[in-house]
Amino acid sequence: MTSTWNDFNSADDQNNFDLIPKGTLVKVRMTIKPGGHDDPSQGWIGGYATQSHTTGSVYLNCEFVVLEGSHARRKMWSLIGLHSNKGPEWANMGRAFVKGILNSANGLHPQDNSEQAQQSRRINGFSDLDGIEFVAKVEMDKDQYGDDKNVIKMAITPDKKEYAGRGVAIFAKACFGHPSPSKQQKLNATTYASGGPDSSSSPRPDPTRGRNIGSK
């Protein structure tokens, strides 16, 4: 007796995905693979952080899934540094990346230091980052075998002209709680994303309304 799990001649061939070109902008959802390492004094709770047994470094082990476009459903993996015994540089890079993610997800200009913007850059824990959606730039790195691989190391924020196209939908969903904003909402989001003259001073809808960060 034969079945599809005894005879594999009829199975599909494996997909050989080409790498996503460096510099491609994509909308991604980030999830964190829990590593079980906590340090409440640092705010690392919930078991999200991972500690290397060889170097002692601490990081977030992140997966990024492309949500739309020709590369939809493609996955990439990157680390967000939290601590290194070699010095603060890796942790500082990690904090800058997370800040960029929050700015991208919430439609915040990096120079927007209003009380509302500052509150949107605060999290209760890493669970708030698990499932967050933002605009990212695809970059290239080397894997353990020396081969090229795609990674995510930079979030695209509203001060970048590239954000205006892909970021509007994220901005609208975060601020208005609806994935398909009205024409006026699109205009407001596009103006803000394009760095309009009143983008930092004009009152904006509460970016925490309808946010899906922390959801799975």
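**Briefing on a predicted model**

Phe64, Phe97 and Phe134 form one aromatic cluster. The structure is a predicted model, and the protein chain has an average pLDDT of 82. Lys27, Arg29 and Glu133 are linked in a network of salt bridges. The points below take up the aromatic pairs, the nonpolar core, the salt bridges and the confidence of the model in turn.

**Aromatic pairs**

- A search of the whole structure finds five aromatic pairs.
- In one of these pairs, the ring centres of Phe64 and Phe97 are 6.5 Å apart and the ring planes meet at 40°, so the pair is classed as tilted.
- Because Phe64 belongs to strand E4 and Phe97 to helix H1, this pair ties together parts that lie 33 residues apart in sequence.
- Phe64 and Phe97 are both buried.
- Phe97 also pairs with Phe134: the centres are 6.5 Å apart and the planes stand at 80°, so this pair is edge-to-face.
- With Phe97 in helix H1 and Phe134 in strand E6, the second pair therefore ties together parts 37 residues apart in sequence.
- Phe134, like Phe97, is buried.

**Nonpolar core**

- The largest nonpolar core holds 29 residues, of which Met30, Leu60, Leu129 and Phe134 touch the most other members.
- Two or more residues of this core come from each of strand E1 (25-33), strand E3 (44-51), strand E4 (58-66), strand E5 (75-83), helix H1 (89-106), strand E6 (132-142) and strand E7 (148-155).
- In soluble globular proteins, nonpolar side chains tend to be buried together.
- Leaving aside residues up to four places away in sequence, Met30 touches Cys62, Glu63, Phe64, Ile80, Ile101, Leu129, Asp130, Gly131, Ile132 and Phe134.

**Salt bridges**

- Four salt bridges are found in a search of the whole structure.
- One of them joins the side chains of Lys27 and Glu133, with an N to O distance of 4.0 Å.
- Lys27 is in strand E1 and Glu133 in strand E6, so the pair ties together parts 106 residues apart in sequence.
- Both Lys27 and Glu133 are buried.
- Glu133 forms a salt bridge with Arg29 as well, and the closest N and O atoms are 2.9 Å apart.
- This pair links distant parts of the chain, with Glu133 in strand E6 and Arg29 in strand E1, 104 residues apart.
- The relative accessible area of Glu133 is 7%, so Glu133 counts as buried, whereas Arg29, at 34%, is partly exposed.
- A salt bridge also connects Asp141 with Lys153, the closest N and O atoms being 3.2 Å apart.
- Here Asp141 lies in strand E6 and Lys153 in strand E7, 12 residues apart.
- Asp141 is partly exposed, with a relative accessible area of 29%, and Lys153 is partly exposed at 46%.

**Confidence of the model**

- Of the residues in the chain, 75% score a pLDDT of at least 70.
- The pLDDT is below 50 over residues 174-191, a stretch with 30 contacts in the model beyond near neighbours in sequence.
- Over residues 193-216 the pLDDT likewise stays under 50, and the model has 57 contacts for this stretch beyond four places in sequence.

Note on methods. Residues numbered from 1 in each chain as written. Heavy atoms only, no water. Core = buried A, V, L, I, M, F, W, Y, C linked by side-chain atoms within 4.5 Å. Buried < 20%, exposed > 50% of the residue type's maximum accessible area, 1.4 Å probe, protein only. Helix = DSSP H or I, 4+ residues; strand = E, 2+ residues; numbered from the N terminus. Contact = heavy atoms within 4.5 Å. pLDDT = per-residue confidence, 0-100. Phe/Tyr/Trp six-rings, centres within 6.5 Å; stacked < 30°, edge-to-face > 60°.
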